[in-house]
Amino acid sequence: MALEKVKGLLPEVEVDRYFVSAVLCGSATAILVSRWVSQRRVQKKLEEAKRRRELGFQRMENAARQFKQQNPGIKAAPILSLPLVELAAKLRDGTLSPESVLYTYIEKALEVTQQINCVTDFLPECEEQLREVKKQEKGLLYGVPVSIKENIACKGHPNTMGLVKYLDRPEPEDSVIVKVLKKQGAIPFVRTNTSQGILNIDCGNTLFGQTLNPFNHKKTSGGSSGGEAALVGGGGSVIGIGTDVAASIRVPCGFCGICGFKPTGYRLSVKGTTSPVEGMNSAINVTGPMARDMDSLVLCMKALLCDELFCLDPTVPPLPFNDEIYSSSRPLRIGYYDGDGYFQPSPSMRRAVQETRKLLQEAGHTLIPFTPPRINFLVDELFTKGVSADGCSTLVENFDGEFVDVTWTNQLRCCKMPDLLKRLLALILMPVFPRISRHLNALIGVGSVKNLWKNNVDRMAYRDEFIAEWRRLKLDVVLCPALGPAFNLGYAGKLFVATTYTHLYNVLNFPAGVVPVTTVSEADEEELRHYKGYYGDPWDKRMKEAVQDAVGLPVAVQCVALPWQEELCLRFMKEVETLSSERRGRRKI
């Protein structure tokens, strides 16, 4: 009877595992009690974290209220409506004060997070930095409030990745990116939510809860930089910094209707960022900017690619922003594809690419069909097997002793499955669901150091093959789909595999960004009724359900360039933004 009471205190999925182990060891009660004590300790940490967070929000509210009382003439709307470039110019010339901008955004960020739960921490040191920034030389981001993804170090705050075990580990210093932002006069003021353990395209965890989409609260913001995308998309931040190892900047930006950019790995520093699988380099983790428009991304990249960055992190190549390439107006040769053969795009994804292709062609650019080679090999053998090279053991260890958020249970269940069972299920499923079968086999990992080296060789060979085809067609850039529209709640954690359109460019280590170009139409929704997918398996059925009921939600396209050609990629993204904006303007007339 006592044993049953103890079991009742534990999550059901965990009880079965620990109960069986305990019985086998002949000490079921002792182990269950020990487990109960451990989970009570976790629960207390969660409650304390919640209290600290609420105190931070109260401090935000008090700071904003006090400033408003002392400065009743300052209006929020004109400040919030300014794009970053105009805001930064007004701050530098003294038209706006850093105080008025910071406290306006503190108030707005609090308002947005109360609706969609995107902010994890207030950074109270921003008030001290506000005083310091006025004493230093005015940088490109002088006085600009900046939001920071929660796994990017800010001194004195833990990089938890939504995991309780890291709550008691405050970072000893700022990450390099944060240091550079401060050197340029920016003021980090809040940190934003992530998926638990990062490697997921939802944005929920047991520490901070679920982040919702700013346009539709029945939809996810995407992940893992979902808190950042939601805050920017909701108007609570003018510029933010996220990280991307497979999709984590581009998916949430696409879902939340903003621009996001993933540079080539190592073009920006990742020192001080926390990764879910430290040491893994099969898909390159990067930091990158997220904003409402392209000019904001460009200004942020110019600010970050400075001598301070190259000095603080000598592993970053000293390549300042090349404005000549960005400002060029020469016509481009643009490869394009509207489906990759692995995950059929939603109707709005395909339409977004085709409409953008037409606009670019009409503007004088040359558009050439392009097909990514051997996409099944890329997804299964290079990405999934490479990220899971250790059989998912490092990723699974992150969740030891943790309450597992519902956004992760499906993904984690697959990772935890014994290799023998994965092989058996893969064998059974191969005749009916070959894509799922290959995925299960890939999750087993590489099995040996020798096989890991071979996987690296295969990745380099695939990159050479991809570039050779790019060169054969004499392409400058590539236009392709961005995952979207935003998924219904409960689906993103079950469809991490749908990131094929984005994680391709982490494996290749190419710069890539997303630009919103349209919204889901009634016609898209009607066409979705006939969506079958490429395989007709449960993943295709799930994809169809995930994107339903999305009329009016933003849809983006993805723009890609070759490694180290960030300026060309940004120039292409700006061209797409301009042409799409002009089309929307014509439709309103």
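**View 1. Two domains in one predicted model.** The domain assignment of the protein places domain 1 at residues 43-316 and domain 2 at residues 375-470. What you see here is a predicted model. Domain 1 brings 22 residues to the contact, and domain 2 brings 20 residues.

**View 2. The area hidden between the domains.** Interfaces are often sized by the accessible area lost when the parts come together. Here, domain 1 and domain 2 bury about 1800 Å² between them, and carbon and sulfur atoms supply 52% of that area. Which residues of domain 1 lose the most area to domain 2? Look for Gln196, Leu199 and Ser282, which together make up 30% of what the domain 1 side buries.

**View 3. A salt bridge across the interface.** How many salt bridges does the rule find between domain 1 and domain 2? There is one across this interface. In a salt bridge to zoom in on, the side chains of lysine 165 and glutamate 402 come together at 3.5 Å, N to O.

**View 4. Polar contacts and the face of domain 1.** The interface of domain 1 and domain 2 also holds 15 residue pairs in polar contact, with both residues at pLDDT 80 or more. On the side of domain 1 that touches domain 2, helix H3 (28-70) and strand E4 (204-205) each provide at least two residues. Sorted by class, that side of domain 1 has ten nonpolar, ten polar and two charged residues.

Methods:
Residues numbered from 1 in each chain as written. Predicted model: local features only at pLDDT ≥ 70, side-chain atom pairs only at ≥ 80, totals over all residues. Heavy atoms only, no water. Domains from an automatic or database assignment. Contact = heavy atoms within 4.5 Å. Buried area = accessible area lost by both parts, 1.4 Å probe. Salt bridge = Lys/Arg side-chain N within 4 Å of Asp/Glu carboxyl O. Polar contact = N/O pair within 3.5 Å; in protein donor to acceptor, adjacent residues only side chain to side chain. Helix = DSSP H or I, 4+ residues; strand = E, 2+ residues; numbered from the N terminus. Nonpolar A, V, L, I, M, F, W, Y, C, P; charged D, E, K, R; others polar.
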